[in-house]
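Work through the exercises below with the structure in view. Try each task before you read its solution.

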Amino acid sequence: MKALVYHGPGERAWEDVPEPQLQQPTDVIVQVDTTTICGTDLHIMKGDVPAVTDGRVLGHEGVGTITEVGDGVKTLVVGDRVIISCITSCGSCSYCRQQLPSHCLDDEGTAGIGWILGHLIDGTQAEYVRIPHADNSLHKLPEGVDDESALMLSDILPTGFEIGVRNGRVKPGDVVAVIGAGPVGLSVIATTGLYGASRIVAIDLDDNRLELARSLGATDTVNSGEAGWQDDVYAMTDGYGVDVAVEAVGIPATFDACTELIRPGGTVANVGVHGTSVELKLQDLWIKDVTITTGLVSATTTPMLLKLVAQHKLAPGRFVSHRYDLDAMMEAYDTFGRAAETQAFKMAISR
Ligand SMILES: NC(=O)c1ccc[n+]([C@@H]2O[C@H](COP(=O)([O-])OP(=O)(O)OC[C@H]3O[C@@H](n4cnc5c(N)ncnc54)[C@H](O)[C@@H]3O)[C@@H](O)[C@H]2O)c1
Ligand SMILES: [Zn+2]
Ligand SMILES: [Zn+2]
């Protein structure tokens, strides 16, 4: 079969690899019907994730059809349409039982790491993929949910909801600022309304993304490339700052900005993946009664989000900006890698 294989920093190929085989009784094989590329895959391509080694098939998102089932699989059969979760979980270790399968202790991949697909084992940017602990790591797709909407439930929508909205403890009436209107930031924006935010302020440097943010639920947009933009945000509150500030970029400047925009008693929810340390200005923050949260998506909310998608309360299919055939994977990567130029957002790459 064909798959997108990582060959070290900057090197990738759409090439022939052996088809995956069942290895454990709890495995299934899924034919990938639609997959996509995550910002994290671009980090891998730059060499930022050294655990990914030469020869690894990338990808941790996808929707597919089960073609083989191990003897120990209880709830799935050949032919089921499924969402592949970015988190693979055994369901029985202490972290899985605490609803934190992002730290699943099973030793498939590495004990303590739930994100193994396209990281520590071969992933979804391929014609077929092996899914360990299939009963816990796949979600059956109900009739009427299209592949493109379902694809956003593998990673991006649960990430925004769990690490942005839920960790941010958004309450009815809150003013929520989201810095970074990429797929993750927009997932925060698209799900903040579930907890009753009164105002949702999207902040980014890119006006195209701000426009998209507005179409997905932002009530206000601010371009942070303009001097004095913070004053525009304060003016949307009583002058004391926002209730919740979500960091969805992953650089020190935007984390700092979140801690400055937050009002006393508020929450900074960090979603961004940071590569360098940031300065925590405790001399200013200690007196503000603020909470700062961090997290890695566990995708435990995928079933709940799937119900909302099935009832058309959320329409994440609108995140798809470009469509490709699986065989055009290399071109899809190229377009996604030049997002500022191509206005790429989420790719739907289908067989
Ligand atoms: N915690 C988790 O579980 C988790 C899961 C997935 C992704 N992430 C991380 O979330 C972050 C966002 O992911 P994404 O896929 O949306 O990324 P992205 O690169 O597509 O989007 C980032 C957005 O930030 C904007 N931006 C860049 N610099 C800015 C600045 N100085 N001020 C304001 N806006 C700025 C860009 O214009 C872009 O729209 C990344 O760091 C990613 O690694 C975290
Ligand atoms: Zn991802
Ligand atoms: Zn586990």
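**Exercise 1: The end of a strand**

Task: Find which residues S350 touches, leaving out residues up to four places away in sequence.

Solution. The model is a predicted one. Start at S350 and look for its contacts. They are D33, T34, D147, D325 and L326. S350 belongs to strand β15, residues 346-350.

Task: Decide whether S350 is buried, exposed or partly exposed.

Solution. Count the other C-beta atoms within 10 Å of S350; there are 17. A buried residue needs 20 or more, and an exposed one has 12 or fewer. The count for S350 falls in between, so S350 is partly exposed.

Task: State how far S350 is from T191, in sequence and in space.

Solution. Along the sequence, 159 residues separate S350 and T191. In space, their C-alpha atoms are 26 Å apart.

**Exercise 2: Two domains**

Solution. Then turn to the contacts. Twelve residues of domain 1 meet eleven residues of domain 2. On the domain 1 side, six of the touching residues are nonpolar, three are polar and three are charged.

**Exercise 3: The core**

Task: Name the residues with the most contacts inside the largest nonpolar core.

Solution. The core has 97 residues. V176, V178 and V201 have the most contacts inside it. Both domain 1 and domain 2 supply at least three residues to this core. Take V178 as a case. Beyond four places in sequence, V178 touches G185, V188, I189, I200, V201, A202, I203, V246 and A248.

**Exercise 4: A buried helix face**

Task: List the buried residues of α9 and find what covers them.

Solution. T254, F255, A257, C258, T259 and L261 are buried in α9. Their cover includes two helices, α8 (229-234) and α10 (282-285). Strands β8 (175-179), β11 (242-247) and β12 (262-270) are also part of that cover.

**Exercise 5: The ligand shell**

Task: Work out which element gives the most residues to the shell around ligand 1.

Solution. Begin with the 28 residues around ligand 1; G39, G182, V184, G250 and V273 come nearest. Sort the shell by type: 14 nonpolar, eleven polar and three charged. Then sort by element. α1, α5, α6, β9 and α9 each supply at least two residues. α6 gives the most, with three.

Terms used. Residues numbered from 1 in each chain as written. Chains lettered and ligands numbered in written order. Predicted model: local features only at pLDDT ≥ 70, side-chain atom pairs only at ≥ 80, totals over all residues. Near = placed C-beta within 6 Å. Helix = DSSP H or I, 4+ residues; strand = E, 2+ residues; numbered from the N terminus. Nonpolar A, V, L, I, M, F, W, Y, C, P; charged D, E, K, R; others polar. Contact = placed C-beta atoms within 7 Å. Core = buried A, V, L, I, M, F, W, Y, C linked by C-beta atoms within 7 Å. Domains from an automatic or database assignment.
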